[in-house]
Amino acid sequence: MKSYLLQRLKPFFYTFIGLEFLILFGKIYQSFDGFDFSLWELTKVFAVLLLTSVIAFLYMMLPYVLYLVFLPQKKQNTRFDKIVTTFIYAFFVYMTLFQGASTQIFWDEFQAAFNFIAVDYLVYTNEVIDNIYQSYPVNWILFSLLVLTVAFVKFSYRFLFTDIPAPSFGRKAGQLVLYISLIVLSYFAVDMSKLEICKNYYNNEAAKEGTYSLFSAFLKNELEYDKFYPVQNSEDNLRLLKTKLQDDNVVFLEPEKNIRRQINSAKPENKANVIIVLMESMSAKYMNENLPEGHLKITPNLEKLSQEGLYFSNTYANGTRSVRGIEALTLGVPPLPGMSIVRRPNNENLYNIGKIFADKGYDNKWIYGGYGYFDNMNYFFGNNGFQVVDRAVWDKSEVTFANAWGAADDDTYRKIIKEADKSYAAGKPFFTMTLSISNHRPYTYPEGRIPLESEKWGRIGGVMYADYAIGEFIKEARTKPWFDNTLFVFIADHTAGASGKEEINLEGYHIPFIIYAPKLVKAQRIDTPISQIDALPTILGILNFDYESRFYGQDALSENYESRFFVSNYQKIGYVKNGTDVILKPVRQYSVEGPRISDNALDKQMKEAIAFYQQADNWEQNLKQ
């Protein structure tokens, strides 16, 4: 006997599966060059998509299943039933199409299925919706989805109902129990992290159904290291880290308990001012020296600063979000799986770079041209020793141009100079951190600043304008009495895109890092690969500060510096030495990418990777003041 519920759900299911495979082909088209089209890999992609689509379908159709179960037998196929079912089908189709369009937009930006980034963005609807409206023809897209929905309803209407008599309530209740059992089983038996069975990154991401990915990220967006990743004895970890973090000027304070250590300088302290500019999405590939021959030169100002300042040409970002860059520059920790500490609860009163400068009498300010409640930035800085100066406290006259994310970069830099003047007038050194905005979709900026119109050039224009604003910033700062005694630090928060065929594409983490201070720092180029978390102790080393350190980064200018860096893409965390990347993954798994190394070398690198990440996961215990 045919199942009544199956017959009523069949047209919904066929529609859903058909649309999901069309969405898949859209993602493949967008990333055609990076996709693996071998038969076995495609088979795995289709299998994972089918599995996640079925699970998503079970969840999505539960309300309609409940309606069918409680619909009296005599109401089946009546006008009431047809109106309700048609409305539900139309809504179902429209939302599936909407999810598909959203998936394509998200893929265009991140080359990934919905993940915890999408979950975060749902919290900040104003900025995200404004950004999307400024970047895409949203009204036309929504109207087109409506037209397609009407077409689907007209074509499918005759298939929405069945001549099979509705069974008794008892039989339908039994089918409902089976249906809910499948949902419960899928929740506990299927884990998104175990579905990444392809060798190619794009194949793995494209295989994930959008709705399933979104809810999986919502429910499982924080991972405890000890439960999911390779571990080893904590005492051995501390002993190993002590050897990694040891230097001539280092004294460990509690070597049996933690990595707290005193850093002592042989030279007198220099209480120079410090301005750290986290440059939004400024990949190293946009530096003129890395652009292909014949390409429009879009970073002349950064190129000039790199030649006149201290330039670390092979710096690698911790992750793919701005909060990862903030975390690296303030806390000096490897990128832990899941959310950045900036967005985690209980992140107040941490031992951070602001604490060090505050203890030395500096004015600490977090200056941001947007509204810093986004990504919890204001809360993090405001509760860790910084005065928050975001757009909410700016005078309206200080904003000459703004988009969905905030004021244009040159507005922000003028505000930084104004605040620096206040500190200087008060006789206090200042430490300022900022995050630029303009090199972010929708890439809009004031007309007339650069020869590229924002509506036509997209990210290339965004990069060129961001570089222009930096040039104007230095030009204006040069007229100030505090200029000669100020370190200007320019470092990207992350790159413009981290995707690639590899599990973790290292080129997708390559960022510029420049320290510019003509009177304080000799021009020098350093090509040794370093980590974003090394920027913090390197800055403090240039200032010859004596300070307590709880950071995992090291002074990249030290004679004893050992090159290594950390990378992450939420669930996967990497530790890279000499191009070999040891990637730690749930559940207790790991993989290795890059040049082949001996078993002994691999074992040593694996132990170092675990030591850093396992110890850093105790961040509350390590960093709480």
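Tutor: Let's begin with a term: buried means under 20% relative accessible area, exposed means over 50%, and partly exposed lies in between (1.4 Å probe, protein chains only). As for the background, this is a predicted model, where local features need pLDDT of at least 70, side-chain atom pairs count only at pLDDT 80 or more, and totals for chains, interfaces and linings use all residues. Residues are numbered from 1 along each chain as its sequence is written, and side-chain values use heavy atoms, with hydrogens and water left out.

Student: Why is Phe-12 called buried?

Tutor: Its relative accessible area is 0%. The cut-off is under 20%, so Phe-12 counts as buried. Phe-92 has 6% relative accessibility, so that residue is buried as well.

Student: What makes the pair of Phe-12 and Phe-92 edge-to-face?

Tutor: Rings of Phe, Tyr and Trp (its six-membered ring) pair if their centres lie within 6.5 Å; planes under 30 degrees apart are stacked, over 60 edge-to-face, and the rest tilted. Here the centres are 5.5 Å apart and the planes meet at 65°, so the pair is edge-to-face.

Student: Why does that pair tie together separate parts of the sequence?

Tutor: Phe-12 lies in helix 1 (residues 4-30) and Phe-92 in helix 4 (residues 79-110), so the parts joined are 80 residues apart in sequence. Helices (H or I, at least four residues) and strands (E, at least two) are DSSP runs, numbered from the N terminus. Both residues also belong to a cluster linked by ring pairs, whose members include Tyr-14, Phe-57 and Tyr-89.

Student: What makes Phe-566 and Phe-612 an edge-to-face pair?

Tutor: Their ring centres are 5.1 Å apart and their planes stand at 70°, so the pair is edge-to-face. Phe-566 sits in strand 15 (residues 565-568), while Phe-612 is in helix 20 (residues 599-616), 46 residues away. Both Phe-566 and Phe-612 are buried.

Student: How do you know that helix 19 is largely enclosed?

Tutor: Seven of its eight residues (535-542) are buried, so the rest of the structure largely encloses helix 19. Among the buried ones are Leu-536, Pro-537 and Ile-542.

Student: Why is Val-323 called buried, and what does Val-323 touch?

Tutor: Val-323 has a relative accessible area of 3%, so it is buried. Contact means heavy atoms within 4.5 Å. Leaving aside residues up to four places away in sequence, Val-323 touches Ser-340, Val-342, Arg-343 and Asp-375.

Student: Is Asp-375 buried or exposed? And what about Asn-376: buried, exposed or partly exposed?

Tutor: Asp-375 has 2% relative accessibility, so it counts as buried. Asn-376 has 21%, so this residue counts as partly exposed. Asp-375 is in the loop between strand 5 (363-368) and helix 16 (377-382), and Asn-376 is found in that loop too. Neither is a glycine, yet phi is positive: about 60° for Asp-375 and about 65° for Asn-376.

Student: Finally, what makes the protein as compact as a globular one of its length?

Tutor: The secondary structure comes to 21 helices and 18 strands. The radius of gyration is 27 Å, close to the 25 Å from the globule rule for 625 residues, so the protein is as compact as a globular protein of that length. That radius is taken over C-alpha atoms, and the rule is 2.2 Å times the number of residues to the power 0.38. Buried residues make up 58% of the 625.
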